[in-house]
Structure formats: structure tokens, C-alpha cells
Amino acid sequence: MVKAAILGCGAWGTTLAKILAENGHAVTIWCHNTAIAAQINARENKELLPGIILPDKIQASTALAETLQGAELLVIVTASQYYRQIVRQLKDLVPPDCLLLSATKGLDETTGKRMSEVLAEYFTNIAVLSGPNISREIAEQKPATAVIAAENMETAQTIQKLFNNSYFRVYTNNDVIGTEYGGTLKNIIAIAAGIVDGLQLGNNTKAALLVRGMVEIAKLTITLGGKSETIFGLTGMGDLITTCSSTLSRNHTVGERLAQGQKLAEILQNLKAVAEGVPTTKLAYALAQKTGTPMPLTEQMYGILYENKPIREAVAALMSRDLKA
Ligand code: 13P
């Protein structure tokens with residue numbers, strides 16, 4: 001049994017803690033928010049995972065040093081916008097030989113780097129976790145799968161064994177790039193899926209969105225060094241299917257509310273947690289331009305989210321693209 005530290009007390013951080021605790025490990029969750037820390041210590045993250053009773057082996061702390069003391073596994077799952085500033089503070093706090101796992105599905109807002117690339121500025125031997133993982137379903141112990149990727153397969157397999165159980169089946173691979181981009185880029189298409197559902201555009205539109213979305217996610221990921229078998233597996237296509245179908249998804253919710261005519265700023269203000277697809281759209285659009293990768297859906301989502309482009313105009317632009325393009 002290991003001592004695990006989890007940085008980030010959102011629904012996913014809490015669910016990962018629950019999995020580890022149910023596997024017999026001792027877990028401390030670091031929370032920046034004292035109210036959420038108190039709730040977790042009272043056995044329920046009322047704010048973000050209401051109704052889920054947490055095992056006794058989980059405790060919450062608002063002190064990084066206390067959280068990391070004696071940790072043998074560190075999981076970083078904070079929102080991408082805080083990721084770098086938190087990682088910067090860890091250098092002298094992480095015990096030697098502590099396993100490092102990044103589970104945030106976003107990009108660094110200042111550099112556009114993947115989260116594990118940010119972590120690699122400070123540490124070595126890093127693993128990432130991604131997959132079709134709507135937190136609440138896993139917290140309710142509904143069967144789910146995930147992937148742990150690391151350049152060092154031994155590291156991936158060691159962490160796999162800590163998480164794997166009867167309701168959470170964990171696979172491994174060594175394609176960190178593909179695994180991270182799959183989980184990140186699909187959030188752009190999930191916002192678009194929310195728009196499709198919000199406007200009741202129907203199943204043909206949804207199928208077109210998923211398949212053409214998959215094509216552009218694959219193109220960019222492969223251009224940036226990821227493998228096609230990763231992107232067409234659980235952490236690409238699998239996560240795309242789950243997030244584009246789930247009304248529990250924060251990204252899908254943003255899309256639905258945009259379709260209802262709400263303003264983005266107002267939607268984000270009322271959302272309890274971060275929808276990573278919003279900043280990812282901007283960063284992925286820049287990556288597409290830099291690498292000359294055609295990403296028409298991402299381009300239209302950039303227009304909707306950042307240039308006030310009317311949704312109907314974006315749909316019309318996609319449907320009237322040059323047939324030879
Ligand atoms: P959210 O849209 O709620 O962030 O969930 C997406 C996800 O990554 C599910 O696997």
C-alpha cells in the first residue's frame with residue numbers, strides 16, 4: 001500500500017482519491033479552498049461530487065508540504081490555468097522516488113505546452129492518465145477504463161497496479177504525446193457537441209461532428225508526434241464519444257448553454273468547475289496555424305468562443321467549405 005498525494009480537489013481529483021483509497025492506499029488531497037477541504041474531511045465533496053460518500057482513508061489538507069510529506073505517488077489534477085504555478089512550488093517538497101502522474105486534460109495557457117511538458121521542466125520520469133472518464137460515473141463504481149502512459153513502461157505499469165480494480169480497468173502505453181492530446185483536444189469537439197444537442201440538430205449532425213472532429217484531432221496529434229493507434233483508442237476516440245454524449249460534461253454544458261443564447265462569460269461564471277475546452281480551443285487553434293494543420297471545426301469554435309461569431313454562421317461556413325479542401 002502506498003501513501004498518495006493528490007493536488008486538486010475537483011470532481012476528478014476526488015474520484016481518483018476514492019479509487020486509490022478503495023484499493024487500500026492512504027490519500028491526502030490538497031485543496032486550495034478551505035471549505036472544500038472541510039467537506040472532504042467530513043466525507044463528502046458536496047460542491048463537486050454531491051451524494052458520494054468518501055472512504056475514511058482520504059483526508060484533505062490546504063498545506064502543500066503536509067500533503068506531500070512521505071508521498072510515494074503524486075497525482076496532479078488541478079485546472080490547467082493553475083498547473084504551472086503549483087508545479088513551481090513542488091521542487092523541494094516532492095520526496096525522492098515519488099511516482100509522478102499528471103491527470104489534467106488541458107494545455108499551458110502561456111506556452112501551449114502539454115501538462116507533462118510543464119512538469120518535465122522540473123521533474124523526470126513522468127506518467128499521464130487519461131481516458132473516457134466522467135468522474136461521477138466512476139465515483140458510482142460504474143465500469144470504466146483509462147490509460148496510463150509513460151516513456152518508461154515500468155513506471156506506467158507500477159502506477160497501473162495502484163489504480164486498477166474491478167470497476168476501473170487501466171491500460172498502459174508509452175505514447176505520452178498521443179495520450180495527452182487525445183484527452184485535451186476532444187474537449188473542443190465536446191463544446192461543439194453541446195451546441196449540436198442544444199440546437200437539436202439531430203444525430204446525423206452529431207455523427208458528422210464526431211467523425212470529422214476525430215479526423216482533425218488525429219491530424220494535429222500525429223503532426224505533433226503522437227501515434228495514430230493512441231488517438232483512435234480510449235484516450236482519443238473513447239474520450240471523444242463519452243464527452244460528446246454526456247450531459248454531465250462541463251464542456252458539453254458550455255456548448256448547450258451557448259446554443260440557448262447565453263454569453264460565454266456568464267456561462268463560465270456560473271459553471272462550478274473549469275471547462276478546459278475553452279482555453280484549449282484558443283491554444284489548439286494557434287498550434288493548427290503554426291503547423292499548417294487544417295482544423296475547420298476548431299477554427300469555427302475559435303470564432304464562436306473568441307470572436308462572437310454567431311453559431312448559425314459557423315455551421316454555414318462548415319457546410320459550404322470548398323469541396324476540394
Ligand atoms: P468535462 O467536460 O466535464 O471536463 O469531462 C471531460 C472528460 O474528460 C471526460 O473524460
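Is Arg-84 buried or exposed, and what is its relative accessible area?

1. **Arg-84 first.** This is a predicted model. In it, Arg-84 is buried, because its relative accessible area is 13% and buried means under 20%. Start with this residue, then follow its partners.

2. **The partner Asp-108.** The side chains of Arg-84 and Asp-108 form a salt bridge, with N and O 3.1 Å apart. Arg-84 belongs to helix α4 (residues 80–88), while Asp-108 sits in the loop between β5 (99–102) and α5 (115–120), so this pair ties together parts 24 residues apart in sequence. Both residues are buried.

3. **The partner Glu-121.** Arg-84 also meets Glu-121 in a salt bridge, at 2.8 Å from N to O. Glu-121 lies in the loop between α5 and β6 (126–130), and Arg-84 lies in helix α4, so the pair ties together parts that are 37 residues apart in sequence. Glu-121 is partly exposed, with a relative accessible area of 36%.

4. **On to Lys-113.** Glu-121 forms a salt bridge with Lys-113 as well; their closest N and O atoms are 2.7 Å apart. Lys-113 is partly exposed, at 29% relative accessible area. The whole structure has 12 salt bridges.

5. **The length of helix α8.** Now turn to another element. What span should the 23 residues of helix α8 have? Helix α8 covers residues 176–198. The expected span is 1.5 Å times one less than the number of residues, so α8 should span 33 Å. Its end C-alpha atoms are 34 Å apart, which agrees.

6. **The bend and the cover of α8.** Helix α8 bends by about 30° at Asn-187. The helix is mostly covered, with 20 of its 23 residues buried. After α8 comes Gln-200, which has a positive phi, near 50°.

7. **A patch on the surface.** Which residues form a nonpolar patch on the surface? They are Phe-232, Met-237 and Ile-241. Together they have about 260 Å² of accessible area. Met-237 is in helix α11 (residues 234–245). Its relative accessible area is 32%, so Met-237 is partly exposed. An α-helix has 3.6 residues a turn, so residues three or four places apart point the same way.

How values were computed
Residues are numbered from 1 along each chain as its sequence is written. This is a predicted model: local features need pLDDT of at least 70, side-chain atom pairs count only at pLDDT 80 or more; totals for chains, interfaces and linings use all residues. Side-chain values use heavy atoms; hydrogens and water are left out. Helices (H or I, at least four residues) and strands (E, at least two) are DSSP runs, numbered from the N terminus. The bend at a residue is the angle between axes fitted to the seven residues ending there and the seven starting there. Buried means under 20% relative accessible area, exposed over 50%, partly exposed in between (1.4 Å probe, protein chains only). Patches are made of residues with over 30% relative accessible area and no salt bridge: like charges are joined within 9 Å, nonpolar side chains (Val, Leu, Ile, Met, Phe, Trp, Tyr) within 5 Å. Accessible areas come from the Shrake-Rupley method with a 1.4 Å probe; for residues, only the protein chains shown count as cover. A salt bridge is a side-chain nitrogen of Lys or Arg within 4 Å of a carboxyl oxygen of Asp or Glu.
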